[in-house]
Amino acid sequence: MPNTVKVINRAEMETQLAVSASLLDSLAFSAPSLAPARQKLTSTGESLRGRTPLYMVDGIPQSTPLRDGKRSGFTIDPAFVDRIEVIYGANAIQGVGATGGVINYETIDAPRDGKWLNRITAEMTTDDFESNGFHYRLAGLTGKRMGSFDFVAGAAYEKHDLFYDGQGRAIAVDTVQGELMDSRSISLFGKAGIEPTSGQRLEGMINYYEVTGDGDYSTVPGSRANEIPATSIEGAPSGDPTFTEALNASLSYSNDAVFGGELTLQGHYFDFYALYGGDTFPVFQDPAIAPAGTLFDQSALSSEKYGAKLTWVRKDALWEGLQMVIGADYLRDKSFQELAQTDRLWVPELIYKGWAPFVQLEQSLFQDIVRLSGGVRWENATLDVPDFTTIASANRTSVEGGAPRFDKILSNAGVVIEPVAGFTIFSSYAQGFTMPDAGLILRSVNTPGQKVLDLVDLQPIIADNIEVGTAWRRDGLELAASYFWSNSDLGSRIQVVGGAGQVRRERTEIEGFELAASYRLSSSHRLGLSFAALDGRYDSDGDDIVDRDLDGRNIAPDRFNAFAEGPLIGNLQGRLQLSRLSNRSFEGNDPKFDFDGYTLIDLVLRYPTHGAGEFTLAASNLLDEQYITYFSQTVSFVSDRDFVSGRGRALTLRWKGEF
């Protein structure tokens, strides 16, 4: 499909990981239309082109669409990721969830040349040498190809303490949604493959990831009205520390000589469990357990899914120049949400079953000067919900279960023209879809006599994406620009009406412009810049005319990035990068939620040696800029506890050895 695509290789990943605390945060510079990083263990508010991206690991969906837990981007350690593939804009090529695009983490393979892959990485980060601001990381990988068999195995460990802002204050820990600060993570990875004959391959992959809060700090609320950020102090918060546990496994088979084409079959499994922080929230209260206002609880989300994908690709399928892709996939997702301290079921066990056959065609014309593409995907989905009873705050209401279903044909079409080598013009149309948050709706039902078929609008949330763009690659110059429109006639916003959660279907329109350019000089130095501008509006009064701006939870600020990199002295390599997030106001919203922009500068120095490994020294937020995060400034439901600063200057020293 001729959508904008960016592939972030391992070298670029390592540069950004030296200045960022997580794999998801490290994408912010490489993909400027991705919302600014929260620097927390949550992806709430982190949209791509103003909509939700679908996170994947080797094509395995990491999303939890039935009850969105906002931790889909935190399921694998960066040590095991070889590259990141970002497909911009709504599309359905991977099924449910990609209304903003796809972010796919491709794991590392064994070397093809038969040499050993032995890699050890050790690093230490300090937040300007503050006493509780030291962080450590250790990762190791080994792998080899031996005849027709190959394998890769690895382990990683990471320990974080507190982050500090530009004024030396400890940034507030998020004791509810989860934290990178005050946490430790462990990850195990393995991949093995065998090629019994030329053109055939059988491969298995397994990855386990766990990040657990230490619970050593609690939050001191700030004051949003007075622009005083919240901070952290020593002391354990109530309840159990937050954590995330994720297990990915897949088995795939490929054969490049099946009916003249290449057949790929993948089976995959994903098991996810996340514990969130708690409080004596009104929704948790139950007089049968404890006096009103005193009951502490915290929620946990469980999601288990398995699925299969079958794809057959043939070039020159019916005539010369026609490529045909035919396939189908199946996904089963079982999710529920519980209240962990009192062993109550908050969201009943929901089972989503979806299958979709698809066909995609591409025709090459005029000696590959023009390429036409188009395809359809037929989505079929069912949601099974048992009879259940809501918790006390929803009046212990009995709800009759059911199995609402839908089917929808999703299409795409596009053209790419390359009049001269290296210069392309493209245009595309694609549809993507996602599901309404059924769990959030069901857990709020408090009116007797309700049925699932009456409560849940399971019609898909369809996003239409139209894009035009151009690219030029020649003589060291790389230039790409695109303009897009993304519309949804029936978007989704969750509201509680009459005590029951309902999906409010609102028209949403988003448009934006993206530009990226780089130039490599004869001296091997490279200069680059990128820019993204987004505008999003929705229909607030039901007249089918968009009349209000989407807020900061849905739309990223306009962003300008620039960098210069290359050799300095001897083997020493350097990179200086700047990121400017522009001021933003939101028409129709209270001006107190406007955004005051900020500028961050990072410096990375890399020194490879002969025989002693490679050393990297990075300074993120080099000038120690003091700022309040974009999310904290612009989202209306942010409380004094969540009004937080961004991270100040941090220094990272990394050693990487390969042998």
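Strand S2 and its sheet

Me: In S3, which residue is the bridge partner of Val 57?
Reply: The model is predicted. In it, S2 (residues 53-57) and S3 pair in the antiparallel sense over 2 bridges. For Val 57, the bridge partner in S3 is Ile 60.

Me: Which residue in the hairpin of S2 and S3 takes a positive phi?
Reply: The hairpin has 2 residues between the strands. A positive phi near 50° is taken there by Asp 58.

Me: Which residue in S5 does Met 56 stand opposite?
Reply: S2 also pairs with strand S5 (residues 101-107), in the parallel sense and over 5 bridges. Strands of a sheet pair through backbone hydrogen bonds, either parallel or antiparallel. In S5, the residue opposite Met 56 is Asn 104.

Me: How many of the residues of S2 are buried?
Reply: In a regular strand the side chains alternate between the two faces of the sheet. On one side of S2, Pro 53, Tyr 55 and Val 57 are buried, and on the other Leu 54 and Met 56 are buried. S2 is therefore largely enclosed by the rest of the structure, the count of buried residues being 5 of the 5.

Me: Which strands stand at the edges of the sheet?
Reply: The open sheet has 5 strands in the order S1-S4-S5-S2-S3, with mixed pairing. Two of its strands have a single partner strand each, so one side of each is left without a neighbour in the sheet; these are S1 (5-8) and S3 (60-61).

Me: At about what angle to S4 does helix H1 run?
Reply: Helix H1 (residues 10-17) lies across S1 and S4 (81-88). Its angle to S4 is about 90°.

How values were computed:
Residues numbered from 1 in each chain as written. Predicted model: local features only at pLDDT ≥ 70, side-chain atom pairs only at ≥ 80, totals over all residues. Heavy atoms only, no water. Pairing = 2+ DSSP bridges. Helix = DSSP H or I, 4+ residues; strand = E, 2+ residues; numbered from the N terminus. Contact = heavy atoms within 4.5 Å. Axes fitted to C-alpha atoms, helices over the stretch in contact; angles between N-to-C directions. Buried < 20%, exposed > 50% of the residue type's maximum accessible area, 1.4 Å probe, protein only.
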